[in-house]
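Reader: I am new to this structure and would like to know what the terms used for it rest on. Please show it, and then I will ask.

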Amino acid sequence: MYPTEMEKSIAKLEATRERRLKETFPRLSLDEIESFLERFHPDFWAEGTRQLRVGPNKGDRAPKELADLLEGKSYIDPEQIDLGKLDYDVDVLVIGGGGAGASAALLAQENGASTLLVTKLRLGDANTVGAQAGTQAADRPDDSPAIHYLDTMGGGGFHNIPELVEVLVKDAPLVIKWLESLGVNWDKEPDGSMHELPGGGTSRNRMHAARDYTGLEEMRVLRDEIRNRELNVLEFSPAVELLLDSNGRVAGAILLNLETNELSVVRAKAVILATGGSGRLHYQGFPTTNHYGATGDGLVLAYRVGAKLIFMDTMQYHPTGVAYPRQILGQLVTEKVRTLGAQLVNTDGEQFINPLETRDIVAACIIRECQERQKGVVTSNGQCGVWLDSPMIDIIRGRGTIARELPAMVRQFTRFDIDITHKPILVYPTLHYQNGGIRIDASGATGIPGLFAAGECEGGVHGRNRLIGNSTLDIFVFGRRAGKAAAQWGKGVKLGSLSLEHVRRWQEETARAGLSSRPASPRLLPDYTRHEQTLASLAT
Amino acid sequence: MAEVGEVIDIYIMGRHYQVPEGLTIIQALEYAGYKLIRGVGCRAGFCGACATIYNNKNDPQLRYALACQTVVEPEMYLVQLPFFPAGKAFYDLEEIKPSGEVILNLYPDIVKCLGCNSCTKSCPQDLEVMECMSDALRGDIAAVSIKSFDCVMCGLCAARCPQGLVPYNIALLCRRLYGRYLSLPSKHLQDKIEEIAAGEFDSELEELKNMSEDKLRQRYKERTIEPP
């Protein structure tokens with residue numbers, strides 16, 4: 001149920017709907033896009049970022065919260081930890097249990113590696129499960145990987161690393177097939193062909209979906225397959241530091257049991273970081289669509305062993321996060337709502353941006369609509385938003401479309417007494433995706449011997465802005481590649497003795513740079529607790 | 001729905017706390033000072049980590065919810081269920097067939113279903129869980145797949161079943177069988193995979209990879225956009 005004030009705005013929206021059904025808001029020129037981004041996109045809010053003072057990306061800008069952690073100090077004192085007793089000794093260690101980690105572990109095992117997957121929360125607790133709209137792949141006769149390549153490059157501002165995009169688009173149909181062979185249920189047409197929808201910034205309709213549960217469907221299946229193959233999995237065991245060997249190769253990690261605080265030592269011939277995103281750092285004070293554990297841990301671990309990061313000064317703000325009710329503020333309202341035909345509408349009932357532009361410009365224009373043009377809808381607790389006119393979908397595509405294509409969205413809002421088939425949704429940008437990350441090559445290798453990365457924690461393939469459906473493609477493409485490459489790498493490796501030399505070097509480097517009172521990192525979990533007086537706060 | 005401003009009484013594992021009205025159960029736990037490790041996941045209703053069982057002082061009927069999507073009520077008595085030792089059958093999807101017999105072999109306890117509907121009552125996604133079990137028993141894999149699609153595998157059904165069935169794993173098996181064997185094959189997908197493997201797009205991709213940014217921008221501007 002919407003309050004009376006908001007219903008007044010809805011009435012204006014309903015009055016313009018018939019006209020708007022025939023309207024297509026014109027696309028912006030590349031120049032207009034650049035101008036609006038600079039003026040309204042949170043990436044350009046200078047107070048939110050700062051330069052890194054140490055490390056492989058010294059001088060580059062990153063969000064303040066992330067910069068603090070990248071410059072942070074290790075939990076581990078190299079003088080105190082005993083690396084002599086190994087708790088686990090494997091060929092491949094996968095750090096992270098989402099779509100990329102699961103794919104990497106399966107492929108590493110298939111390629112003959114003894115494999116251990118460790119994850120901070122449960123296997124499958126990752127941003128993957130919340131992904132809704134689908135996975136891109138150019139598999140229809142009137143589409144091709146070359147067109148997918150062009151779409152991806154344009155969306156990324158033409159900054160994407162070409163070899164990575166090439167691999168992404170060529171592997172895409174294979175990934176769709178692989179997932180189906182494991183039992184993923186893609187939405188299909190009655191004749192068996194894939195039901196494919198458009199997406200923001202895509203020039204062909206190539207989004208493969210499982211209703212609006214695509215990520216959950218993919219993750220449920222991969223998790224089950226990992227269990228069927230009895231792959232070793234340790235839950236609630238984040239890595240707090242990587243290990244090197246005496247030859248400077250990455251050789252394992254130190255894990256923390258989140259429940260008992262015990263540390264354990266893992267030796268591994270190859271390590272794959274698949275730690276996902278960092279939305280729970282709440283850059284620029286935004287709410288987030290990300291899961292509880294998205295704190296950018298892998299970036300910190302990689303940075304400390306000398307791996308270079310790329311595009312850390314840009315984050316993706318999904319244009320349509322929930323703006324009302326406040327209980328679910330910032331949660332994802334899938335882009336699929338727009339690809340099915342819903343328009344973005346201001347408080348006067350008028351469109352102000354084509355809903356299928358890329359996410360960065362749509363987000364910027366929603367912020368502009370609220371701030372500069374003052375045509376947003378303001379809720380009783382001061383949250384501004386614009387309308388996403390979901391009822392248009394059933395009008396355009398037939399009654400029952402929303403129920404069939406967006407069951408998760410229907411359910412989410414029904415719980416709060418809002419029927420999205422009859423009423424629009426109030427939305428505002430929300431922190432959603434880490435466009436950049438650890439720089440990799442086409443096999444998932446980072447610049448550090450023995451260290452690989454896959455999924456949201458790596459960077460380069462999406463340039464400075466990711467397209468819809470390319471992340472749930474990225475995780476499987478590079479997860480599989482990294483798993484295979486890590487297994488092959490491990491075969492040729494005989495490890496030297498384990499060391500934490502990189503932590504000593506880091507302590508020296510940060511001392512020379514004059515850094516003091518930095519937090520310990522990685523963050524591991526956000527803290528949303530409210531305390532008035534705790535024992536810890538009394539200790540000095 | 002209540003607005004923030006008032007405080008209400010809730011009971012977390014039997015202990016009394018006062019929290020503002022209008023918070024979700026997860027927000028209320030954190031307001032009370034609990035830093036969660038288990039019992040929290042995506043915080044958006046998709047992962048089932050925050051399965052919660054509660055009743056009210058004035059109504060002992062047990063109710064079930066996802067803590068991240070449910071607003072606290074006055075006099076709520078709640079506990080989270082972060083784990084349950086539910087059984088799982090191990091199988092190789094390539095070695096089995098999509099039949100009721102296979103389901104029964106892997107999950108023989110399914111015949112013990114009493115039809116008590118505890119599973120359905122415990123489902124925070126309002127799924128017809130018991131119907132899924134009788135569909136599975138009959139080998140109607142398609143029906144199970146459709147009816148169980150919104151399952152977030154929270155485990156509440158398995159925790160409440162007096163006969164030890166694990167409906168969420170049985171349903172997952174059915175969905176995987178459907179996707180692997182019963183979903184109609186997409187011929188265009190196979191065709192494209194073969195074309196890619198034969199190198200049909202290699203020279204075009206090579207050209208795009210080596211193109212100057214100006215020319216790439218031009219090419220991008222000239223794209224024809226398929227109507228939705």
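Reader: Where does Pro522(A) lie?

Author: Pro522(A) is in the loop between α15 (501-512) and α16 (535-538) of chain A. Helices here are DSSP runs of H or I with at least four residues, strands are runs of E with at least two, and both are numbered from the N terminus. The bond that joins Ser521(A) to Pro522(A) is a cis peptide bond, with omega about 10 degrees. A cis bond also runs from Tyr324(A) to Pro325(A), with omega near 0 degrees. Pro325(A) sits in the loop between β13 and α9 of chain A.

Reader: How are residues and chains labelled, and what kind of model is this?

Author: Residues are numbered from 1 along each chain as its sequence is written, while chains are lettered from A and ligands numbered from 1 in the order in which they are written. The model is predicted: local features need pLDDT of at least 70, side-chain atom pairs count only at pLDDT 80 or more, and totals for chains, interfaces and linings use all residues.

Reader: Why is Ile438(A) called buried?

Author: A residue is buried if 20 or more other C-beta atoms lie within 10 Å of its own, exposed if 12 or fewer, and partly exposed in between, with C-beta atoms placed from the backbone. Ile438(A) has 28 other C-beta atoms within 10 Å, so it is buried. Ile438(A) belongs to strand β18 (residues 437-439) of chain A.

Reader: Which residues does Ile438(A) touch?

Author: Two residues are in contact if their C-beta atoms, placed from the backbone, lie within 7 Å. Leaving out residues up to four places away in sequence, the contacts of Ile438(A) include Leu273(A), Gly298(A), Leu299(A), Ala302(A) and Cys457(A). Leu273(A) is 165 residues from Ile438(A) along the chain, and their C-alpha atoms are 9.2 Å apart.

Reader: What makes helix α8 of chain A mostly covered?

Author: In α8(A) (residues 297-304), 8 of 8 residues are buried. Among them are Asp297(A), Gly298(A), Leu299(A) and Arg304(A). After α8(A) comes Gly306(A), with a positive phi near 100 degrees.

Reader: Phe236(A) and Met153(B) have a positive phi without being glycine. Why does each count as buried, exposed or partly exposed?

Author: Phe236(A), with phi near 50 degrees, is in the loop between β8 (232-234) and β9 (239-245) of chain A. Phe236(A) has 18 C-beta neighbours inside 10 Å, so it counts as partly exposed. Met153(B), with phi near 60 degrees, is in the loop between α5 (141-147) and α6 (156-160) of chain B. Met153(B) has 25 such neighbours inside 10 Å, so it counts as buried.

Reader: Why is α6(A) called oblique to α8(B)?

Author: Helix α6 (residues 162-181) of chain A and helix α8 (residues 187-197) of chain B pack at about 140 degrees, with axes 9 Å apart. Axes are lines fitted to C-alpha atoms, for helices over the stretch in contact, and angles run from 0 to 180 degrees between N-to-C directions. Angles under 35 degrees count as roughly parallel, over 145 as roughly antiparallel, 65 to 115 as roughly perpendicular and the rest as oblique. The angle therefore makes α6(A) oblique to α8(B).

Reader: Which residues make this contact, and how do they divide?

Author: From α6(A) they are Lys170(A), Pro173(A), Leu174(A), Ile176(A) and Lys177(A), and from α8(B) they are Leu189(B), Lys192(B), Ile193(B) and Ile196(B). They divide into 6 nonpolar, no polar and 3 charged. Nonpolar means Ala, Val, Leu, Ile, Met, Phe, Trp, Tyr, Cys and Pro, charged means Asp, Glu, Lys and Arg, and the others, Gly among them, are polar.

Reader: How many residues of each chain are in the contact between chains B and A?

Author: Chain B gives 61 residues and chain A gives 67. On the side of chain B, α7(B) gives the most, with 7 residues. That side divides into 31 nonpolar, 13 polar and 17 charged residues.

Reader: What are the domains of chain A, and what joins them?

Author: Domain 1 covers 4-40 + 316-431 and domain 2 covers 88-136 + 205-314 + 435-499; such bounds come from an automatic or database domain assignment. Their centres, taken over C-alpha atoms, are 33 Å apart. The largest share of the domain 1 side, 4 residues, comes from β13(A).
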